[in-house]
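Me: I would like to go through this model with you, one question at a time, and see what can be said from the atoms alone.

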Amino acid sequence: MGRRYTRLTHPLVREGGELRRASWDEALDRAAEGIRRTTEAYGPTSFGLFSCSKGTNELNYAAQKLARAVIGSNNIDSCNRT
């Protein structure tokens, strides 16, 4: 029998090469810092975002607003256009 996969029930962060359980605040802070560090080093076009057609129109709108208005990148795509 193959592996049985289950959904994650909490965020994980990598520390010393290992994944450990983290709070949502820590996980989101780390993600934001990674985006900030990358865009400061390489510019806003180094950021891209892909949204999904299974999300609501409002969610996809918020995603494109985040990419364009907050980060300054037009690199956003969605499977809606296919």
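What follows is a set of questions and answers on this predicted model.

Me: In what order do the helices and strands of the chain run from the N terminus on?
Reply: The secondary structure of the chain comes to 2 helices and 4 strands. Taken from the N terminus on, these elements follow the order β-β-α-β-α-β.

Me: Why does the chain count as more spread out than a compact globule?
Reply: Along its principal axes the C-alpha trace spans about 40 × 35 × 20 Å, and buried residues make up 21% of the 82 residues. The globule rule gives 12 Å for 82 residues, and the chain is more spread out than a compact globule because that value is well exceeded by its radius of gyration, which is 16 Å.

Me: Which residue in β2 is the bridge partner of E15?
Reply: Strand β1 (residues 12-15) and strand β2 (residues 18-21) run antiparallel and are joined by 4 bridges. The two strands form a hairpin with 2 residues between them, and G16 in the turn has a positive phi of about 60 degrees. Within this pairing, the bridge partner of E15 in β2 is E18.

Me: Is S73 buried or exposed?
Reply: S73 is found in the loop between α2 and β4 (76-78). Leaving aside neighbours within four places in sequence, S73 is in contact with P44, T45, F47, A67 and R68. Since the cut-off for a buried residue is under 20% relative accessible area, S73, at 0% relative accessibility, counts as buried.

Me: How far apart in space are F50 and S78, C-alpha to C-alpha?
Reply: F50 has its place in strand β3 (residues 49-51), and at 55% relative accessibility F50 counts as exposed. Apart from neighbours within four places in sequence, F50 is in contact with D77, S78 and C79. F50 and S78 are 28 residues apart in sequence, but C-alpha to C-alpha their separation in space is 5.4 Å.

Me: What is the distance between the closest N and O atoms in the salt bridge of R30 with E26?
Reply: Both R30 and E26 lie in helix α1 (residues 24-42), and they are 4 residues apart, about one turn of the helix. R30 counts as partly exposed at 37% relative accessibility, and E26 likewise counts as partly exposed, at 24%. In their salt bridge the closest N and O atoms are apart by 3.4 Å.

Technical notes: Residues numbered from 1 in each chain as written. Predicted model: local features only at pLDDT ≥ 70, side-chain atom pairs only at ≥ 80, totals over all residues. Heavy atoms only, no water. Pairing = 2+ DSSP bridges. Rg over C-alpha atoms; globule rule 2.2 N^0.38 Å. Buried < 20%, exposed > 50% of the residue type's maximum accessible area, 1.4 Å probe, protein only. Contact = heavy atoms within 4.5 Å. Salt bridge = Lys/Arg side-chain N within 4 Å of Asp/Glu carboxyl O.
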